Amino acid sequence: MALLFEMRRVLVTMAQVGTRMHALGLASTADAEGLAALSPQLTTTYQESCVAGCLLAQICRQNAGAQPSVLGDHVAQTLGETIDLPRALALLQDAPATNEREAWLGPVLREAAALFGPSTIVQGRAA
Ligand code: SF4
């Protein structure tokens, strides 16, 4: 039963990829040169489920760089799309907020640091 589920998931994904490639102007997903030419237009959204469901997870995690999603979906949701990890660290260290979200986030991060101990969070490792 699990195998059938996985096969169905693969077929659905293949259809979605084909539709997306066609929308981007590629006639066939077997067109390797066309795929290579399209690659700069393709974006990825690394998230926790990638680890369990995609062979490219390690590559996409590396490409995500300092995006909050590398620390998990909850961190990504909390920081939002406009605050990356260096900016979150700056807010933790009392950098002035530049907008409403940062004004909310700075005190929250500092409160969390107080709970876990500042060296734990700033140095990025457990005590
Ligand atoms: S690992 Fe990358 S390619 Fe795979 S589902 Fe996640 S974002 Fe998409």
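**Exercise 1. Determine which residue classes make up the lining of the largest pocket, and where this pocket lies relative to the domains.**

In this predicted model, the lining of the largest pocket comprises, by class, 13 nonpolar, eight polar and two charged residues. The lining has 23 residues, and those nearest the centre of the pocket are Thr13, Val17, Thr44, Cys54 and Leu56. The elements that contribute two or more residues to this lining are helix H1 (2-23), helix H3 (48-53) and helix H4 (57-64), and H1 gives the most, with eight residues. The volume of the largest pocket is about 1000 Å³.

For the location, begin with the division of the protein chain into domain 1 (1-42), domain 2 (46-80) and domain 3 (82-127). Domain 1 and domain 2 both give residues to the lining of the largest pocket, so the pocket lies between them. The centres of these two domains, taken over C-alpha atoms, are separated by 21 Å.

**Exercise 2. Locate the ligand and describe the residues around it.**

The ligand is placed in the largest pocket. With a cut-off of 4 Å between heavy atoms and the ligand, the residues around the ligand are Thr44, Thr45, Tyr46, Cys50, Cys54, Leu56, Ala57 and Cys60. Sorted by class, this shell has six nonpolar and two polar residues, and no charged residues. Among the shell residues, Thr44, Cys54 and Leu56 also belong to the lining residues that lie nearest the centre of the largest pocket.

**Exercise 3. Examine the backbone and the surroundings of aspartate 94.**

Aspartate 94 has a phi near 75 degrees, which is a positive value in a residue other than glycine. As a point of reference, most residues other than glycine have a negative phi. Aspartate 94 lies in the loop between helix H6 (85-92) and helix H7 (100-116). Its relative accessibility is 55%, so aspartate 94 counts as exposed. Finally, aspartate 94 and aspartate 84 are 10 residues apart in sequence, with 16 Å between their C-alpha atoms.

Note on methods: Residues are numbered from 1 along each chain as its sequence is written. This is a predicted model: local features need pLDDT of at least 70, side-chain atom pairs count only at pLDDT 80 or more; totals for chains, interfaces and linings use all residues. Side-chain values use heavy atoms; hydrogens and water are left out. On a 1 Å grid over the protein atoms alone, a cavity is a set of points where a 1.4 Å probe fits but cannot get out, and a pocket is an open set with protein on both sides within 12 Å along at least five of seven lines; lining residues have an atom within 4 Å of a point. A molecule sits in a cavity or pocket if more than half of its atoms lie within 2 Å of its grid points. Ala, Val, Leu, Ile, Met, Phe, Trp, Tyr, Cys and Pro count as nonpolar, Asp, Glu, Lys and Arg as charged, and the others, Gly among them, as polar. Domain bounds come from an automatic or database domain assignment. Grid points are joined across faces, edges and corners, and a volume is the space filled by probe spheres set on the points. Helices (H or I, at least four residues) and strands (E, at least two) are DSSP runs, numbered from the N terminus. Buried means under 20% relative accessible area, exposed over 50%, partly exposed in between (1.4 Å probe, protein chains only).
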